[in-house]
Structure formats: structure tokens, C-alpha cells
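Please read the following briefing alongside the sequence and the coordinates.

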Amino acid sequence: MDDLLPIIEGLRDAADDGARADMLLRMPLEILLKRELQIHAELTRLNFQPGLDWLAIEISALRRTRSEYGELGFSTDRALLGARLSLASVRDKRDLAPATGGAVSCSG
């Protein structure tokens, strides 16, 4: 496996899940696609389920066929928004108990 990029090392070394959530939300989409397996492995090792749920939805959306106008469709847009808001709630509650984010499906 390739060496970890500094941004992925940052996930591992982050102070808490809130900091990890913030890093994931800011991560370039290109890195998500190119380093999906490394990111998944780190999030699994850290047992960061909200991040794993978010990653699955983001990757699924990035791989979806788009409409003739480049749109993903209402259900995918809604799933992305739900996943991002769930991860943002973890980020925004850094000093509280970690939020449990329900996964939103990206099908349809």
C-alpha cells in the first residue's frame, strides 16, 4: 500500500472524532476517490462509524451516472446532504458525547 498522505495521517492523529469529522468534510474529492481504501481502513481502525457512513455515501455519489445536465438526482442529493449534516453534527459537538449518525441510503 502507498504511504499515507499527510491528510490521511491527520485522521489517525486527530485529537477527537470532531476533528476527524472536520477533516473529512474538507477533504478534496479527488483524495476520496484515489485513497478510498486507505481512508476506509483508517476510519475502521478508529471505529469512527459516522465517518464510514459518510464515506460510503460520498463515494457512491461520485461513482453514479449523472443526468444529461450533470445532476445526481433528488434522492442522491438528499443522501449527500444528510450524510454531510450528520458528520457536521459530530464536528460541532466536539466537547460533548459523539453523535450517532444514521446512515442515509444513496440509491435511487
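How many helices and how many strands does the secondary structure of the protein come to? It comes to six helices and zero strands, where helices (H or I, at least four residues) and strands (E, at least two) are DSSP runs numbered from the N terminus. This is a predicted model, in which local features need pLDDT of at least 70 and side-chain atom pairs count only at pLDDT 80 or more, while totals for chains, interfaces and linings use all residues. Residues are numbered from 1 along each chain as its sequence is written, and side-chain values use heavy atoms, with hydrogens and water left out.

**Overall**
- Of the 108 residues of the protein, 38% count as buried, meaning under 20% relative accessible area with a 1.4 Å probe and protein chains only, whereas exposed means over 50% and partly exposed lies in between.
- Among contacts (heavy atoms within 4.5 Å) with a separation of 6 or more, 64% join residues 24 or more positions apart.

**Helix H1**
- In H1 (residues 6-13), Ile 8, Gly 10 and Leu 11 are buried.
- Seen down the axis of H1, these buried residues fall within an arc of 150° (taken from the directions from the helix axis to the C-beta atoms), so they line one face of the helix.
- The face turned away from the buried side of H1 carries the exposed residues Pro 6 and Asp 13.
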